[in-house]
Amino acid sequence: MLYFTLASKAYSRNLQYRGAHMIHNIASAVFGFLYACIWIGLGADYTLGEYGTQGMVSYIAFTQAALWVSSFVTNGLGIPQSVRTGHISLDLMRPVHLFTHLMAREWGQIAYQFLYKSIPIYVVYYFAFSLTFPSQLSFLVYAGLSLAGAAYMSICINYLIGASALWTTESSWLYWGNHAMINLLAGFFIPVEWLPEWLQNIAWLSPYPYLLYVPTRFYLGLGSVSALWGTLFWCVLLTAVCLLVTGVLRRKVEVQGG
Amino acid sequence: MNHKAWISLYGLLIRTSIRSRMQYKFNFILASFLAALIQISEFLMVAIVLHKFGAIQGWSMYEIGYLFAVMILSKTLYRTLADEVHHLEKYLVTGDLDQLLTRPMPVLLALMPQNFRIMLGEVLQGGFLLIWSLGGMMAAGQTGWEAIPQSLYIIVTGSIILFSIGLATATLGFWTTRISELQNITEDAAGTAVRYPLTLYPKWMSTLLLTLLPVGFVNYVPSLYILRGELGPWVFAAAAAAAGISLALSLRFWKYGITKYQSAGS
Amino acid sequence: MMIHMKNIRKEFKTPVVREGRFSGLRTLFSREYITKEAVRGISFEIDRGEFVGYIGPNGAGKSTTIKMLSGILHPTSGEVSIGGLNPHVDRRKVVKGLGVVFGQRSQLWWDLPVKDSYDILAKMYSVDDIDKRRRLGQLSELLDLQAFWDTPVRKLSLGQRMRSDLAAAMLHDPEILFLDEPTIGLDVNAKRSIREFLARLNQEFGKTILLTTHDMDDIEQLCSRVMVINHGAVTYDGSIPSLRETIGLPTLITVTYRGTFQVPAASDLAQLPISIISAEGSTIKVTANRREINTLEVMKKLGEWGELDDIEMKDPDFEEIIHKVY
């Protein structure tokens, strides 16, 4: 099975760097620790809505671990680089659809990051902040489903960012812009309902809250199942756009002659 | 080679770098503005929280903005002048350090002028935050005009502290070759931590940030005096002392580390 | 004595790479090392004005030797001196009189025009403006740098880059040049122009040059002396003709007879230092080792077999000689 091979190669390519990644995990864990400390500090002076201090700490712990699944995917799925090297025409020549090809590879990457980054980071927080594991199995399932959807959306978004590299040499700005949006709109540090109202409105018109905020709410045993429909909606819409873009991209490469 | 000659050499590098960059003026300026906008999102994220709750441990939005600004500008000054120290890993992996060892000057002084980075985006971002936060506090009568020279002073001492930490971390590369993961902890995470008041953190962590990784002296400790009149004017001497001590220690460590250099194969 | 090396040894320590579970982490914290001896007891001396070729297979210790001579690596034991100074104790003084070129990497500033790199280097080596202008004028004429004077280094072709790098190494007018594979990856024209330049540096300006290369034409056309290194030890040190002789590869002789010829009986032939490779029509190919029999005698013997029409002698290829030495 080709797609499985692609994914498992991407997974095992990472295995050789496990040692370095574990050190990197310490740094990642420190970042989440800082954010949690800020909320603990705020919690000393204010009541933190329906979450409470311990709830916000769990919130941060989960988003920090989830980042590795739903946000930190390969920049533009590696398309900008293959455009620079001219590898892209080779990729388009293969008897596999570019979108599914790159997606399979990225799933391998995400699987690795889930096992070697998300889980170790979560385990550290579990003991450092004495987190409680959600008691309701159903919400854990919802959290898992919405997180898988978030990973899928993230792959689509990065595919689109990568595709833009064919038209502009400045596509890395889109990558950074995407990160800025995750910072502000995805509920990375602050729950979406605490954003100023106009920003909340913008956020809910975008897929960003579904990347972190929605899975985290499920994890905390909050939120309603209907949010999964939102995840599904964005997955379908982004898939359609990606397929459309691939067609345009193919024509563009053919015209340019690679 | 004496110091004057080295400075004139460095000046030459800066002039030539700017000249070659200015061939694509429009692109460069646009990119810098975009970088500033995108990076400011990190502050916005915190500003939104402050907007909702009012203060973090009694620190207002302006005060936190000031901590951010001093950190960004100190780091920018360090990275502008000594970016290659941060990128020593590249020299170790490719063996390009060999080339620098054939120069008739100390290796560190040969390394620094390898590249001069123009960080207009960070200057815009940090400068905007500094002007905005100091302006706000001055208008409210919290600080006076003397805060401006004081801020510039701590940006310089801060950049020396950050440089020293960067140099010590890079030196570890003579043993480990890979240093980017360590830099993530000693440079990035530590620098992010002191964008917020140190009272937020557990005792062991704030102690760490004032001793082994003395980033607390970059912005937090001096700000206690500049913004809030706590401690005393001696904080400026303390900042200078922290800068001097960390620089001396990391230079000694560097000199020791370089004797352990094993050129990359071939 | 310009360059002096005595009983130089160099060991490298590399951490033992672990396998299996958590291998990455365990390697990182492991204190076990494998010691590899890259250079084992090399001694040589090079006089002012010599042009020495330093050859050997990959990993033989060539680059390590050059790095120890130029003060980059510290020898584990032994003595090095350059112009009477130790390159590790007086590193800065020694390197002022050295020009070093590593063919695989450039010492120029990637994003800056070629001429800007020279300005910076001139400052580094405290070359004043008058000297700088004079030398650059000379170098740019010898190496034909004018065409890409204002081009950023990253846009240069490999040959242009190499020429610019050579000029950079000569800017402070060093007495000694260390060249580590300066012709690697270059086309025939680029190689020729670099060889011409190096020959002039040596002959007209009296520079002492130590050159490592895999291109045997470099050695044959440039060097008055060749050193062969293998497994970290010098296995040959002398001139090229005597290297040929030492190894004594057989000379290939092709003889054409007028009409027929008579090869002696196998038992008689076995006593001669001549062996027959092929015989076809009136042409015969034989090999003879000239250390065992001189040319005149070979001709005489061959003349006894029939009436000679044409003789062609071919000395062994230098490439083959080197293969034999390795």
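Predicted model: local features only at pLDDT ≥ 70, side-chain atom pairs only at ≥ 80, totals over all residues.
Student: Why are H4(C) and H6(C) called roughly parallel?

Tutor: The axes of helix H4 (residues 114–124) of chain C and helix H6 (residues 158–170) of chain C come within 10 Å and cross at roughly 20 degrees. Angles under 35 degrees count as roughly parallel, so H4(C) is roughly parallel to H6(C). The crossing of the two helices is right-handed.

Student: Which residues make the contact of H4(C) with H6(C), and what classes do they fall into?

Tutor: From H4(C), C:Val114, C:Tyr118 and C:Leu121 meet C:Ser164, C:Ala167 and C:Ala168 of H6(C). The contact residues of this pair comprise five nonpolar, one polar and no charged.

Student: Why is the packing of H1(B) and H4(C) described as roughly antiparallel?

Tutor: Helix H1 (residues 3–21) of chain B packs with H4(C) at an angle of about 170 degrees, their axes being 9 Å apart. Angles over 145 degrees count as roughly antiparallel, and H1(B) and H4(C) are therefore roughly antiparallel to each other. On the side of H1(B), the contact involves B:Ser8, B:Leu9, B:Leu12, B:Leu13, B:Thr16 and B:Arg19. On the side of H4(C), C:Lys115, C:Asp116, C:Asp119, C:Ile120, C:Lys123 and C:Met124 take part. By class, the contact of H1(B) with H4(C) has five nonpolar, two polar and five charged residues.

Student: What makes H4(C) mostly covered?

Tutor: Eight of the eleven residues of H4(C) are buried, the criterion being under 20% relative accessible area. The buried residues are C:Val114, C:Asp116, C:Ser117, C:Tyr118, C:Ile120, C:Leu121, C:Ala122 and C:Met124. Their cover includes H1 and helix H6 (107–111) of chain B, together with helix H5 (129–143) and H6 of chain C.

Student: Which residue with a positive phi follows H4(C)?

Tutor: H4(C) is followed by C:Ser126, with phi near 50 degrees.

Student: How do you know that A:Thr216 is buried?

Tutor: A:Thr216, in helix H10 (residues 213–219) of chain A, has a relative accessible area of 0%. Buried means under 20%, so A:Thr216 is classed as buried. Leaving aside neighbours within four places in sequence, A:Thr216 is in contact with A:Tyr59, A:Phe62 and A:Thr63. The C-alpha atoms of A:Thr216 and A:Gly144 are separated by 9.8 Å, the two residues being 72 residues apart along the chain.

Student: Why is A:Trp68 called buried?

Tutor: A:Trp68 belongs to helix H3 (residues 52–70) of chain A. The relative accessible area of A:Trp68 is 8%, and the limit for buried is under 20%, so A:Trp68 is buried. Not counting residues up to four places away in sequence, A:Trp68 touches A:His24, A:Ser28, A:Gln113, A:Lys117, A:Ser118 and A:Ile121.

Student: Where in chain A does UniProt place the feature "transmembrane region", and how much helix do residues 21–44 and 56–77 contain?

Tutor: The unreviewed UniProt entry places this feature at several spans of chain A, including residues 21–44 and 56–77. Residues 21–44 of chain A are 100% helix and 0% strand, with end C-alpha atoms 34 Å apart. Residues 56–77 of chain A are 68% helix and 0% strand, with end C-alpha atoms 32 Å apart.

Technical notes. Residues numbered from 1 in each chain as written. Chains lettered and ligands numbered in written order. Heavy atoms only, no water. Axes fitted to C-alpha atoms, helices over the stretch in contact; angles between N-to-C directions. Helix = DSSP H or I, 4+ residues; strand = E, 2+ residues; numbered from the N terminus. Parallel < 35°, antiparallel > 145°, perpendicular 65-115°, else oblique. Left-handed = near helix turned anticlockwise from the far one by under 90°. Contact = heavy atoms within 4.5 Å. Nonpolar A, V, L, I, M, F, W, Y, C, P; charged D, E, K, R; others polar. UniProt positions renumbered as here; feature names shortened; annotations may be inferred. Buried < 20%, exposed > 50% of the residue type's maximum accessible area, 1.4 Å probe, protein only.
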